[in-house]
Amino acid sequence: MIESRHIENLKNIVGDDDIKTDKAHLRAYSYDATKEHFYPDAVIFPENEKEVSDILKYCNNNKIAVIPRGAGSGFTGGALPVNGGIILAVEKYMNKIIEIDEKDMVAVVQPGVINSELQKEVEKKGLFYPPDPASMDYSTIGGNVAENAGGMRAAKYGLTKDYVMCLRAVLPNGDIIRAGKRTIKDVAGYNVAGILIASEGTLAVLTEITLKLRPKPKMKKTYMGIFENVVDAMNAVYKSLSSGAVPVAMEFMDSLVVKALREKLGVNLPEWAGALLVGDVDGNVEEEIDYQLKILEKSFKQNGAKEFIATADKEKSEEIWFARRNASQSITIYGSKKLNEDISVPRSKLPDALKGIEEIGKKYNVTIPCFGHSGDGNIHVNVMVDGENEDEVKKGYKAVEEIFKLVISLEGTLSGEHGIGLSKAPFMKLAFSAAEMNLFKRIKNAFDPNGILNPGKMGI
């Protein structure tokens with residue numbers, strides 16, 4: 001519990017209206033998408049970078065924990081105040097698009113800008129910001145950078161890290177730094193911006209982000225391949241990509257998801273369908289798109305696809321995408337509690353990963369529907385259990401741990417886009433050696449020797 005004198009001193013920085021200690025605010029900022037609750041001692045709304053600096057300087061001197069927070073939409077507890085402390089919430093004031101530069105094709109934004117709002121604004125100028133996490137309608141750019149968010153378009157366009165040119169950030173001692181440059185090329189000094197990306201608010205507080213933009217493609221078409229089994233579909237993924245296809249997205253759903261879509265949402269899919277591959281191709285000329293689709297159709301059919309559909313019709317495209325966008329809600333037919341993970345493996349290992357996950361499900365007698373971003377090897381694994389059955393929940397967590405071990409054995413990673421946060425921290429030692437974990441701790445100590453920023457996260 002923070003002493004009242006600290007609250008009064010922090011009020012001198014932000015004013016009475018921008019620090020909250022009432023029960024309603026503390027509860028509102030006590031949870032994220034994990035639905036776990038950890039109550040902060042206070043919530044502060046800084047108006048600008050100077051206030052962020054003054055807050056951090058004060059908290060560092062008094063060893064008060066500070067947890068940076070955007071929209072609180074994360075799935076791993078990255079913004080949870082596990083030991084109390086102060087939530088530093090940027091969404092109230094630090095939510096402005098500072099600049100969209102059409103000449104240099106960059107956008108400069110504050111961390112509280114909503115992803116989809118940025119996309120709308122840059123598209124008005126014929127430009128394009130590709131990273132599109134599923135939470136894009138409410139997640140913030142600051143949170144996207146802190147987690148290195150991906151999305152469905154990552155197959156072609158990459159992750160958030162591929163668009164961050166430079167950052168302004170405040171260190172725990174209050175120092176303000178600029179990491180990176182607004183130039184295409186920059187090899188002067190250490191890549192501090194690269195270290196801050198995906199650091200989950202444990203090293204510094206982001207206050208300004210400069211992002212690379214692209215010209216917006218003029219047209220796109222949607223495709224869907226229907227397979228009898230998921231192994232054929234996964235073979236089609238890496239074989240079509242190695243044949244020269246560059247789809248915007250290549251999303252997959254396994255047989256359990258297909259069954260759930262039919263039964264819960266009435267999606268019209270063949271009874272024999274055991275897996276789907278769905279995505280878009282884009283470009284500036286019709287020939288370019290048709291060339292891509294020909295490669296996809298040929299490779300899909302060579303690898304077991306029984307049907308291949310392609311369309312430029314908006315209504316038909318929405319019908320195809322409806323299945324993928326509703327995959328998560330459909331699988332609730334298999335259990336009241338979902339233990340969802342976002343593991344990632346090399347694309348060539350996707351068939352082995354999904355075979356192994358199926359075997360783990362049988363071993364623990366739990367249902368594990370899978371879907372996700374097969375174009376970049378990112379699988380959303382959903383261990384479905386009865387939330388009221390304690391023994392079943394325990395079995396589910398054992399299955400999750402075994403899935404992590406499988407993924408590491410396939411040269412994969414614990415998280416493709418959700419981050420480590422609190423929920424995956426216990427598994428970091430599965431993925432990293434003692435020397436690597438010690439290096440992480442030394443980096444943390446170099447930035448934050450008093451350990452005030454987002455403590456308890458990432459296993460460090």
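Trainee: Which strand does Thr 207 lie in?

Mentor: Thr 207 is in strand S10, residues 205–212. Strands here are DSSP E runs of at least two residues, helices are H or I runs of at least four, and both are numbered from the N terminus. Before going on: this is a predicted model, where local features need pLDDT of at least 70, side-chain atom pairs count only at pLDDT 80 or more, and totals for chains, interfaces and linings use all residues. Numbering starts from 1 along each chain as its sequence is written, and side-chain values use heavy atoms, without hydrogens and water.

Trainee: Is Thr 207 buried or exposed?

Mentor: Thr 207 counts as buried because its relative accessibility is 4%. Buried means under 20% relative accessible area, exposed over 50%, and partly exposed in between, with a 1.4 Å probe and protein chains only.

Trainee: Which side chain does Thr 207 make a polar contact with?

Mentor: Glu 49, at 2.7 Å. A polar contact is a pair of N or O atoms within 3.5 Å; within protein, one must be able to donate a hydrogen and the other to accept it, and residues adjacent in sequence count only if both atoms are side-chain atoms.

Trainee: Changing topic. What is the volume of the second largest pocket?

Mentor: About 690 Å³. Of its 31 lining residues, the closest to the centre are Ile 197, Ala 198, Ile 420, Phe 432 and Met 458. On a 1 Å grid over the protein atoms alone, a pocket is an open set of points where a 1.4 Å probe fits, with protein on both sides within 12 Å along at least five of seven lines; lining residues have an atom within 4 Å of a point. The volume is the space filled by probe spheres set on the points, which are joined across faces, edges and corners.

Trainee: Which helix gives the most to that lining?

Mentor: H16, with 3 residues.

Trainee: Back to Ala 198. What is its phi?

Mentor: Near 70°, a positive value in a residue other than glycine. Most residues other than glycine have a negative phi. Ala 198 sits in the loop between H7 and S10. Ala 198 is partly exposed, because its relative accessible area is 30%.

Trainee: And where is Met 458?

Mentor: In the segment after H16. Met 458 also has a positive phi, about 65°, although it is not a glycine. At 15% relative accessibility, Met 458 counts as buried.
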